[in-house]
Amino acid sequence: MPEWVGPRIRFKCALCGECCRLYWVPITHMDLLRIAERTGLKPRDFAAPIPKAAVGEWGMPAFLLSDGREHYLVLKKRLDGFCIFIELRSGRFVCSIYDARPLNCRFYPFVYIPGDVVRLELVEGAERFCPGIGRGPVRDLSAEAEAAVEREREMESYREVVERWNKLVASAEVDGDFDKFLEFALAAARASKL
């Protein structure tokens, strides 16, 4: 288990779905693979590009497309703003891919700051809209710390995948089509899983 520090906070998810509506969820090639294997869906069915210039710096690798702009890979949203994997069941919002959800989702409402010791902090503003904060027992953040460390390993691998892709697009060896990027990323994820 990684060494971590974090806030002593009471938190129990209230299944309100606000976090799944308010935020775009950035994903990696490994998230693509996990979700595709879990659902049987093609990545195009659940993943979308969002231009980096439209949303700012996220600290994620951004891939080039034929429009000449950098993009982040995110989960699609429905017209009501919710993640496409959120379902309303008995008045509660439930993640239909909970066991394969992206690593970013696994440590929400906390964010982490990588380093020798994983530092977890409450997402800025979360206490204003998240009714789960202040409920339940004081949260042991060891599971979130493990997810943060796993995400960091995946992020390093994803950076390499995106760098290879961007070089191919810049040299015109590939045309920068989004579907081709998804195939490229999924193939890299399968290869790294072997």
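Predicted model: local features only at pLDDT ≥ 70, side-chain atom pairs only at ≥ 80, totals over all residues.
**How rings and helices meet in this model**

Biologist: What makes helix 2 and helix 7 roughly perpendicular to each other?

Modeller: Angles from 65 to 115 degrees count as roughly perpendicular. The axes cross at roughly 105°, so helix 2 and helix 7 get that name.

Biologist: Which residues in helix 2 and helix 7 meet?

Modeller: On the helix 2 side they are His29, Met30, Asp31 and Arg34, and they meet Glu150, Glu154, Ser157, Tyr158 and Val161 in helix 7.

Biologist: And at what angle do helix 7 and helix 8 pack?

Modeller: Helix 7 (residues 142–170) and helix 8 (residues 178–193) pack at about 140°, and their axes are 10 Å apart.

Biologist: Which residues do ring pairs link into a cluster?

Modeller: The cluster holds Phe63, Trp165, Phe178, Phe181 and Phe184.

Biologist: How many aromatic pairs does a search of the whole structure find?

Modeller: The search finds 11 of them. One is Phe11 with Phe110.

Biologist: Why is the pair of Phe11 and Phe110 called edge-to-face?

Modeller: Two values decide it. The ring centres are 6.3 Å apart, and a pair needs centres within 6.5 Å. The planes stand at 80°, and over 60 degrees counts as edge-to-face, so that is the name for this pair.

Biologist: Which parts does the pair of Phe11 and Phe110 tie together?

Modeller: Phe11 belongs to strand 2 (residues 10–11) and Phe110 to strand 8 (residues 110–113), so the pair joins parts 99 residues apart in sequence. Phe11 and Phe110 are both buried.

Biologist: What makes the pair of Tyr23 and Phe129 tilted?

Modeller: The centre-to-centre value is 6.0 Å, with 55° between the planes. Stacked needs under 30 degrees and edge-to-face over 60; the rest are tilted. At 55°, then, Tyr23 and Phe129 form a tilted pair. Tyr23 is in the loop between helix 1 and helix 2, and Phe129 is in helix 6, 106 residues apart.

Biologist: How do you know that Tyr23 counts as partly exposed?

Modeller: Buried means under 20% and exposed means over 50%, with partly exposed in between. Tyr23 has 29% relative accessibility, so it counts as partly exposed. Phe129, at 21%, is partly exposed as well.

Biologist: What makes Ala172 exposed?

Modeller: Its relative accessible area is 64%, and exposed means over 50%. Ala172 is in the loop between helix 7 and helix 8, and its phi is positive, about 65°, although it is not a glycine.

Biologist: Where is Ser90, and why is Ser90 called exposed?

Modeller: Ser90 is in the loop between strand 6 and strand 7. With a relative accessible area of 81%, Ser90 is exposed, as the cut-off is over 50%. Phi of Ser90 is a positive value too, near 50°.

Methods:
Residues numbered from 1 in each chain as written. Heavy atoms only, no water. Helix = DSSP H or I, 4+ residues; strand = E, 2+ residues; numbered from the N terminus. Buried < 20%, exposed > 50% of the residue type's maximum accessible area, 1.4 Å probe, protein only. Axes fitted to C-alpha atoms, helices over the stretch in contact; angles between N-to-C directions. Parallel < 35°, antiparallel > 145°, perpendicular 65-115°, else oblique. Contact = heavy atoms within 4.5 Å.
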